[in-house]
Structure formats: structure tokens, C-alpha cells
Amino acid sequence: MAKCGKIKQFIYLLCLCFLTSWYVVMKYYYDNVEITFHNTKSHLACLLPENLNPYDSGVMKFIWSVPPIKCEGWPTLVYVDSQGLLQKNTSAMLHFAKTSDLSCTYQIVIREKEDMDVRMGPEVSFTSGTLVPADFFHVVCKNMDGHSVYSNVHHTINNNKIIKSGRLKRASSEQFNVFVYGIDAVSRLHAERKLPKTMGYLKKQIGAYIFEGYTKIGGNTFPNIGPLLTGKPREELSNTLDFLDDLPFLWKNFSSRGYTTFHAEDWPEISTFNSNLKGFKEQPVDHYIRPMFLAFDKVSFYKNKLDQAHMYLADKGIRIKSHAGLCFGNTPKFKIIIDYYKQFIERYGDKLKFAFSWNNELCHDYLNNLELADEDIYQFVRWLHTSGRLNNSVFIFLSDHGYLMNEIQNTFVGRFEARMPLFALSIPPQLKHSHPHIHNNLQQNTKRLMTVYDIHEMLVDILQSDFLPKHTKFSTSIPRGISLFEEIPKSRSCKNAQIPEHFCPCYSSEKVSPLDLEVQKIASHITNKLNDKLRDHRPQCAEIKLHKVNTASIVD
């Protein structure tokens, strides 16, 4: 039996190497060339693109529906109740054995001194009603023959010490919770396409503000999220040799004002604070999900590492397993984040909370997977709303940038999508009524050029309960960060907002008939120039001939 196990493990590892190599080669080697657009008038007042069509034909050829996500079919054998106690699910135990008499142990997940590894504590036998002294723990249950029939990683909110510290304050009519829910690589237009239930509920039921001028300032996650949380540009934040503990993250300010803090992010290898960065030496917030996702490797290393290859194949319509790469066991990973988020909110009741979650794996590489989370995100937002929790909370739903696939970026609409991510905002109804200027300014600002610097300034206002009108006069000098509770001037430019020229979305464009004589001359000229450059490689490269011009625009 041991020999068979080793052979099976070797075959699995061989498949892992093959699939990973195929994934890397297909994804990166065959990617096409990116066309970079520079806005030479980025110093002028911004004219945002209007009426961008989410269903533009140039983009829609990359959009399709994906099969429903299918995780493992076994039931969850244990659960954490509303009091934070670990309970056995006796009815579910019958799924694994003919009797509900299973012996179970847990091992807490222990974060090492740095962000990169975890270890498991000793095995502890438990019965129903046990308080686990950690947020994350690995449960194993065995039948009467001693065979393991259940192995899974669970989460709770171990908050006894924080509650007993007495440092937390209650939410009030002037001091609000802040709930941030982020997803990597989602443009506003793609959210409209793939999250119809969530976006519809935000707009119609909650009256959220959807910002059409929100523009990225950096190429990937940290150059956007770092400034959002610190108010400082990437260049001032850190080099790759430093831990990030000393940076002025806003969660520190909220903590000192009586808030409990939370950060949840998946895919540890490419996470915001660890991709080409060292992350944190000490745990940065009160509740930090990273150890749980690291523990997945301890429990199921091979399956976890094959997930990316599985997702690549599934994106091409090939399923080699009955469940998706987005799952851990019987639960989608994005659902694990949502469930942990809800536990955090519930366990702290009326205490002030600052929570920031970020989902990478969902559509970082595969934009069409976003639709798989629409129902769960919608249910989360609806739960916040119908439970009354949004009455004293600011809710932010955002991304860092649009999808970065070159083929999409090279289309007319896709060029704007890559630069203009999702940002939706809900504020407490009482804040709208007590300070109507904030509602008016937010409505105006949904059509103005804005960035993460403005979100940062708004969060500072929320932290300081600074909701009074400022009557700031912006003339020739417009700061890079303006609180969204103030009106952003129409005269703002990409240069004012410190948006790099190649990310500036403030183009004006006029369509021209493809049959226009000048368009035909330009197309012929480009074709001839390309043939001139390829002339010395004629045996390998065929002569290019102009078939037809599909679309043409004058871009200013």
C-alpha cells in the first residue's frame, strides 16, 4: 500500500509539473503585444469618455459564460456557532460513517513571525461546545477504525482578548463602520456585465454612488491600494527589502480611535502586500486571514498548487476534475472570505469596525470567472442592507484596475476599461439627511476624474467624523487628493490628480468612416511600411496585404 501511495504521489507530481509548464507557456509566451497610448494633453481639464458600452463588439468576443462552480460534494462536518463555539454537525457525520460517533481533533494555525509561513499546533480532542483559542484551525475526524474521514480548515473570530481590553468604542450617528470589499482586475464596465445582481442591488435598492471617472494610478495592485490606505505614492512607500509594518496604513489610525480591524485576502503568492514585497513582520490587523490560506498548502499541497493549471484548462473548456480550481474542499475560496467577513461583523456587534477584504484569484487571470461570485457577493451586500448594518456603515466596493489582457486593452473600449476600475460607494442614510451637501457632492463626483487619493481623503474624513462643508476654493492649484465629500472641480486634469500620462483616460475621440480616403491612405501607408521592414525576412514572413479597414477614429 505504501509503495502504491508513493507511485500515485509521483504521478500526481509529474502531472503538476506538466500542467504548470503548459499553463505558463500558453499564458505568457503566446500573449500578444500591448499597444501603449500616451495622452499628450494630460495637463488639460479632463473630458471623461461618455457612453462607453459594456457590450461593445470589440470587447464582447472575449466575454462568455462559464459553467457553474462545482466544489467537492461532501458536507461540512463541524461549524462555529454565533457564540464562537465549535460544534459537531451530527447529521452530517452520517455522510462519512454509519454512526455519528466520530472522534475529532483540531490543530490551531499559528502564524510565524513573518508573513511567509505557518505551522500547526498540537492535536487537541474536542466535543461540541468547544472554544478554539485561534481564528483558524485544522479539523480531522476519524471513524471507529481509526481512518481519517474528514480533513478541513475552518475559521472563527477569536476576539475574547480584544473585547476584554476595553479599547473598542461603539458605532454612533457620527462615527461609522467602514466595510471595504475589493476584487482584483475588475473594470466598472465588466462589473456591469458579470455582476448584474450585485450592481443592480447597489444601485436600485441601496442607492449607491457608481463612479464613472475612477482611474488607476499604477500598473498593478500595490501601487493603487498602497496609496489608498496611506495617501502616499508607491515611490514613497517601500523598497522590496523592507517589511511594511512602519508604513502609515489607515487601519492603524482606525484602531487607535476604538475600531477593531480586519484584512482578508486570498492567493498568498501574489497578494497585495507580498507580491515582490516582504509583507508584514507582525500581524498588521486584529483579524488577518493570510495564515488560513497558507494553511491550505499544509493540508492539501498538491491540489492547491494545481488549481491554477485547472483554472487555465477550465477557461479553455477542458475540465480534468469534477471540481473547480477556485475551491478549497467543499467551499469556493471567495465564499470563505465572505463567511469570515460576516463572522467578524457579527461577533463584534455594535463595536466600531474597519474591514478591508481583497479577492485576487477570482478573475486576476480569467475575467469571465467573475460571474461565479455574483450570487454570493449579492447575498453579502443584501445581508448588510436588510440587517440594518448599512445604517451606520460606509460600504466601498472597488477594484484596483481593469483587466490587463493585451488583446482587450488594444480595443477602443478595452483601453478605457484597463484604466478605469470599479468603484461604488454607499453611505449611511442619516449622513445624507444630516449633511445634504455630501450627497450632492458625491452625485457630482460620480462624473468627475478621481483616484485612490480621493478615497483616502474621504476615509480620513470618516475617521475624524469631519462632515461639515469645507468650502474649499480650487483655482490654479488642485491637490492630488480631494475628499469625495467635497466637490471635485471640472477643471481637474490627470496631471493635477497625479495620474501617469499613459493611464490618463481623458481622450476625446471621433469616429471616422473606414471608407474615408485619408483613412485608406493611412492604412495603405502602414501596410507598406510593415512590408518594408519584413522584406529581409521574406522566406519566413508572407507579404501583408490590406483587406479592409474595420473601424477608424480620430483620437485627440
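**First disulfide**

Select Cys-71 and Cys-327 and display the side chains. The link of Cys-71 and Cys-327 is left-handed, with -75° about the S-S bond. Cys-71 lies in the loop between helix H2 (57-60) and strand E1 (78-80), and Cys-327 lies in strand E13 (residues 327-328). These are distant parts of the chain, 256 residues apart. The disulfide that joins Cys-71 to Cys-327 has an S to S distance of 1.9 Å. Both ends are hidden from the surface, in that Cys-71 is buried and so is Cys-327.

**The whole chain**

The model shown is a predicted one. The protein contains 19 helices and 19 strands. Of its 556 residues, 52% are buried. The accessible surface of the protein comes to about 26200 Å², and 53% of that surface belongs to carbon and sulfur atoms. Among contacts between residues at least 6 apart in sequence, 77% join residues at least 24 apart.

Next, select Cys-104 and Cys-141. A disulfide joins Cys-104 to Cys-141, with an S to S distance of 2.0 Å. Cys-104 belongs to strand E3 (residues 103-111) and Cys-141 to strand E7 (residues 136-142), so that the pair links distant parts of the chain, 37 residues apart. Is the link of Cys-104 and Cys-141 left-handed or right-handed? With 110° about the S-S bond, the link of Cys-104 and Cys-141 is right-handed. Cys-104 is buried, as is Cys-141.

Move to Cys-494 and Cys-504. The sulfur atoms of Cys-494 and Cys-504 are 2.1 Å apart and form a disulfide. The torsion about the S-S bond of Cys-494 and Cys-504 is about 80°, so this disulfide is right-handed. Cys-494 and Cys-504 both lie in the loop between helix H18 (452-463) and strand E18 (509-512), so the pair ties together parts that are 10 residues apart in sequence. Are Cys-494 and Cys-504 buried or exposed? Cys-494 counts as buried because its relative accessibility is 0%, and Cys-504 counts as buried because its relative accessibility is 1%.

**Cysteine pairing overall**

Now select every cysteine. The count of disulfides comes to 4. With the bonded cysteines of the protein numbered in sequence order, the pairing is 1-8, 2-5, 3-4, 6-7. Cys-363 has a relative accessible area of 0% and is buried, whereas Cys-541 has a relative accessible area of 26% and is partly exposed.

**Aromatic pairs**

Colour the rings of Phe, Tyr and Trp. A pair of aromatic rings is described by the distance of the centres and the angle of the planes. The count of aromatic pairs comes to 34. Among them, Tyr-106 and Phe-126 form a tilted pair, 5.9 Å centre to centre with 45° between the planes. Tyr-106 lies in strand E3, and Phe-126 lies in the loop between strand E5 (124-125) and strand E6 (130-131), 20 residues apart. Tyr-106 and Phe-126 are both buried.

Then select Phe-293 and Phe-296. Phe-293 and Phe-296 form an edge-to-face pair, 5.0 Å centre to centre with 65° between the planes. Both residues lie in helix H10 (residues 290-299), where Phe-293 and Phe-296 are 3 residues apart, about one turn of the helix. Phe-293 is buried, with a relative accessible area of 4%; Phe-296 is buried as well, with a relative accessible area of 1%.

**Aromatic cluster**

Which residues do ring pairs link into a cluster? Select Phe-136, Phe-179, Tyr-181, Phe-262, Tyr-340, Tyr-341, Phe-344, Tyr-348, Phe-380, Trp-383, Phe-395 and Phe-397, which ring pairs link into a cluster.

**Charges over rings**

For the last stop, select Lys-216 with Phe-503, then Arg-415 with Phe-416. Lys-216 lies over the face of Phe-503, at 4.5 Å from the ring centre. Arg-415 lies over the face of Phe-416, at 5.4 Å from the ring centre.

Conventions
Residues numbered from 1 in each chain as written. Predicted model: local features only at pLDDT ≥ 70, side-chain atom pairs only at ≥ 80, totals over all residues. Heavy atoms only, no water. Disulfide = S-S within 2.5 Å. Helix = DSSP H or I, 4+ residues; strand = E, 2+ residues; numbered from the N terminus. Buried < 20%, exposed > 50% of the residue type's maximum accessible area, 1.4 Å probe, protein only. Contact = heavy atoms within 4.5 Å. Areas by Shrake-Rupley, 256 points an atom, 1.4 Å probe, with all protein chains shown as cover. Phe/Tyr/Trp six-rings, centres within 6.5 Å; stacked < 30°, edge-to-face > 60°. Lys NZ or Arg CZ within 6 Å of the ring centre and 35° of its normal.
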